Amino acid sequence: MANIDVRLEEFDVVIVGAGGAGLAAAVQTGLAKLKTAVISEVFPTRSHTVSAQGGINAALANMDEDYWIWHMYDTVKGSDYIGDQDAIEFFTKNAPKTIIELEHWGMPFSRIENGKIYQRAFGGQTRNFGESIAHRACAVADRSGHAILHTLFERTLRPDISPYVSYYSEYYLLKLIVDPETKKPMAVVAWDMVNGGVHIFFAYAIIFATGGNTRNFRTNTNAHINTGRGWYVCAKAGIPIKDPEFVQFHPTGIYGVGNLITEGVRGEGGYLINANGERFMKKYAPHVLDLASRDVVSRGMAQEIREGRGVGPKKDHILLKLDHLGKDFIMDKLPGIWELAYKFVGVDCTKDPIPVQPTAHYHMGGIPTNIHGQVVTWDGDKEVPIPGLYGAGECACPSLHGANRLGCNSLLDLVITGKEAGRHAAEWIATERPIFPYPAEDYIADKYAKDVMDQLNTLFDGPAGSVKMDEIWEDLRDTMQHNMSVFRIEEGIKKQLELLDQYEEKFKNVGLTDKSKVFNTELIEYFDLESLLLVSKLETVAAYERKESRGAHYRDDYPERDDKNYLSHTAAYLKEDGSVEIQYKPVRMKPLTAPTFQPKKRVY
Ligand SMILES: Cc1cc2nc3c(=O)[nH]c(=O)nc-3n(C[C@H](O)[C@H](O)[C@H](O)COP(=O)(O)OP(=O)(O)OC[C@H]3O[C@@H](n4cnc5c(N)ncnc54)[C@H](O)[C@@H]3O)c2cc1C
């Protein structure tokens, strides 16, 4: 036996993830004086939220007339009509006061001359139900996520909050423990990356805020920590994943590396050109051009490349032109972009265009929740909340984004879902007074986390394995990029399903060469790959079953949206035998108070 140290600890609330969503939740549970643990693979301010650039949407109307109902309309339309309309109303209505709260907490927004918060144009954001472009994204130059994350982190350090919030940085989530009899979630198991050993956190309420997971694609914008462990542990605990097929490809990733060039560049007047210097978005979205929603722009770019008008020796990318905005403007409003382009591809964008290509960016689907962040499952078509379990931020899916997220709606999503999950958990604990789930038995890890303990013992005691982990990683990324990208077709999706089965088989023969328990990065990569193999399977099975094109999911073989058969959410269940079962569940078409927006034919 590998002699693995096991520690147990009790909290009122455990939050897994210290990005914008996790920290927004911690502010609430701390304020409610609940003993809170925040577990994170990295120090909080290194979470991926830090790299968000463009901004956060709210109909503040600082630059031009604007109303939350216009924001709601754009979001419903952007979602290709499978966004849940109660959630969309809740978010868009609460957006302005959320921004003002962040402002009062010290977020250093960019300003216009009259001192109000600066707002920029972003894709899919319009005024008066599609009439003209809206300026709705509240920005801190092109470092908005950095500012949000630090503002929220600072908030948790205040004297009325910090005594209740303990950070467990460099702890890696392994498992969610659900009581086998009552089915009540009672603890999470984590690996202490610095010292080695298993740490079990018991709590009344558990909030998942583990962020995105597009590291399974060759070209992606995500941080190395975005590997889908939150989805993995929930799926393993029997919770379905909602809408996993909807992976957003952002149009402007830096060619060859994938790092993001914010849509804010196009919002400020930059535009895309093909090898002939043509502004090709005129063809695909004559009204809103380069500010069409991301799915439309990414497909437009991919189509130009397919038809031989791509740039470079391989004709495999597009150019983003912004030099006409002028050096002073670029350095004032988009300084981070200048730096990224210069550092990664040696382009001075005040003089030359930036080479770009669509890059995997964001997951619209996730752990299913209602508007209060409560994780739900379904009894037939009825949503049933799981008491004490919450999801917030990118890993969760209250379905604000449906089949396609509009730029700058995610930062809004995570600040509101985080806050709501924390607030609801505190209210639930205070009113329901649940019984603490601590089972108080000896050798608890053997009883409730035997699978994880067995796995760790095998990894530390077993052989190095006959398969190199790297081979699977490389193949997974290449083939997902090839078969599950902007355009999908039955043949490719089927092929990917076969490949994923092969990778799963191979993965059984992976072992560790490094047997150290102290900061063992090979061990972490092992769990990352384990998670991403499952994430890829959920995405691919769901993409195979959805025989239509909607939002980010575009099927060459079924190019039309099919509202008759697929105006519904996917619920992907992981079965005991490792297969994935797909069910379809109703979209919440009923807003809280506003009129329902019915599906319309697409016009861009
Ligand atoms: C480059 C880039 C630019 C973006 N720009 C914008 C923008 O301008 N506007 C906008 O609205 N949206 C933008 N987005 C999207 C948005 O930033 C993200 O969706 C959002 O920040 C996710 O926040 P989160 O709190 O859910 O997760 P994250 O900030 O990703 O945090 C996840 C947390 O979970 C922890 N975690 C993950 N796995 C584990 C594990 N196994 N064990 C323990 N802890 C774990 C991490 O340590 C981290 O603390 C951008 C995204 C990217 C990648």
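Begin with domain 1 and domain 2, whose C-alpha centres lie 31 Å apart. Select 252–359 for domain 1 and 444–562 for domain 2; these bounds come from an automatic or database domain assignment. The model is predicted: local features need pLDDT of at least 70, side-chain atom pairs count only at pLDDT 80 or more, and totals for chains, interfaces and linings use all residues. Residues are numbered from 1 along each chain as its sequence is written, and side-chain values use heavy atoms, with hydrogens and water left out.

Show the contact (heavy atoms within 4.5 Å). Seven residues of domain 1 and six residues of domain 2 take part in the contact. The area buried between domain 1 and domain 2 is about 550 Å², with 63% given by carbon and sulfur atoms. Buried area here is the accessible area (1.4 Å probe) that two parts lose on being put together, summed over both.

Next, select Asp-295, Arg-299 and Arg-306 in domain 1; these lose the most area to domain 2, together 72% of what that side buries.

A salt bridge is a side-chain nitrogen of Lys or Arg within 4 Å of a carboxyl oxygen of Asp or Glu. The count between domain 1 and domain 2 is one salt bridge.

Now display helix α8 (residues 294–306), which gives the most to the side of domain 1 that touches domain 2, with six residues. Helices are DSSP runs (H or I, at least four residues), as are strands (E, at least two), numbered from the N terminus.

**The ligand**

Move to the ligand, which 38 residues surround, the closest being Ser-47, His-48, Thr-49, Gly-54 and Glu-394; a residue counts if one of its heavy atoms lies within 4 Å. Gly-54 has a polar backbone atom 2.7 Å from an oxygen atom of the ligand. For Gly-55, a polar backbone atom is 2.9 Å from a nitrogen atom of the ligand. At Ala-18, a backbone N or O atom lies 2.8 Å from an oxygen atom of the ligand.

**A last pair**

The salt-bridge rule gives a count of 44 salt bridges. One to select is Lys-242 with Asp-84, 2.9 Å from N to O. Lys-242 lies in strand β10 (residues 241–242) and Asp-84 in the loop between α2 (68–78) and α3 (85–104), so the pair ties together parts 158 residues apart in sequence.

Key:
A polar contact is a pair of N or O atoms within 3.5 Å; within protein, one must be able to donate a hydrogen and the other to accept it, and residues adjacent in sequence count only if both atoms are side-chain atoms.
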